[in-house]
Amino acid sequence: MDLTAVSNVYLHNSSISSAQILESGRFNGDYTTGYKGTFTSELDKAATPTGAAANQGNSHVKPKTIDKTSELYEKSLELEGFFVKQMLTEMRRTIMKANESDFAQNMYEDMLYDEYATALTKNAGFGLADQIYLSLV
């Protein structure tokens, strides 16, 4: 449903719910970019694992492929992103600050680190999402 259709529905029907506006799996007020639509190529439907999941050195193990366009892989990316965010949060606690920061600064800094975690998950190739996906398939 595009924005014009949503606004027309809202103008003609004042009892619209947020579930009709937001995409599936997103919270009202969610400010992160997310992982939806990260992988859309046809080659992503049969991708080889990367990072930690690429170690399939046993000769008796059949090499597996990953459908990076699936919803399961998107959820695996979200879980990897959660782990990366936890790592960044603990790293941030080791930084000594000269002055006390206020609530707004902490909130926006946390949002920035959420985006750092999303960017690292999409681009760093840790392979945790691949490993999670392979263990759930």
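In this predicted model, helix α3 (residues 71–93) packs against helix α5 (residues 128–136) at an angle of about 130°, and their axes lie 8 Å apart. The two helices are therefore oblique to each other, and their crossing is right-handed. The protein contains 5 helices and 0 strands, and 26% of its 137 residues count as buried.

**Packing of α3 with α5**

- Two packed helices are described by the angle between their axes and the distance between the axes.
- On the α3 side, the contact is made by L72, Y73, S76, L77, L79 and E80.
- On the α5 side, the contact residues are L128, A129, D130, I132, Y133 and L136.
- By class, this contact comprises 9 nonpolar, 1 polar and 2 charged residues.

- Helix α4 spans residues 103–123 and has 21 residues.
- From its first C-alpha to its last, α4 reaches 30 Å, close to the 30 Å expected at 1.5 Å a residue.
- The buried residues of α4 are E109, Y113, D114, A117, T118 and T121, and they pack against α3.
- An α-helix has 3.6 residues a turn, so residues three or four places apart point the same way.
- Just after α4, G125 adopts a positive phi of about 70°.

**T121 within α4**

- T121 is found in helix α4 and has a relative accessible area of 5%; because buried means under 20%, T121 counts as buried.
- Not counting residues up to four places away in sequence, T121 touches Y35, L77, E80, G81 and V84.
- Among these partners, L77 and E80 also belong to the contact of α3 with α5.
- T121 and K85 are 36 residues apart in sequence, and their C-alpha atoms are 9.4 Å apart in space.

**Overall arrangement**

- From the N terminus on, the elements of the protein run α-α-α-α-α.
- Among contacts in the protein with a separation of 6 or more, 70% are accounted for by residues 24 or more positions apart.

Methods:
Residues are numbered from 1 along each chain as its sequence is written. This is a predicted model: local features need pLDDT of at least 70, side-chain atom pairs count only at pLDDT 80 or more; totals for chains, interfaces and linings use all residues. Side-chain values use heavy atoms; hydrogens and water are left out. Axes are lines fitted to C-alpha atoms, for helices over the stretch in contact, and angles run from 0 to 180 degrees between N-to-C directions. Helices (H or I, at least four residues) and strands (E, at least two) are DSSP runs, numbered from the N terminus. Angles under 35 degrees count as roughly parallel, over 145 as roughly antiparallel, 65 to 115 as roughly perpendicular and the rest as oblique. A crossing is left-handed if the near helix is turned anticlockwise from the far one by less than a right angle, and right-handed if clockwise. Contact means heavy atoms within 4.5 Å. Ala, Val, Leu, Ile, Met, Phe, Trp, Tyr, Cys and Pro count as nonpolar, Asp, Glu, Lys and Arg as charged, and the others, Gly among them, as polar. The expected span of a helix is 1.5 Å times one less than its number of residues. Buried means under 20% relative accessible area, exposed over 50%, partly exposed in between (1.4 Å probe, protein chains only).
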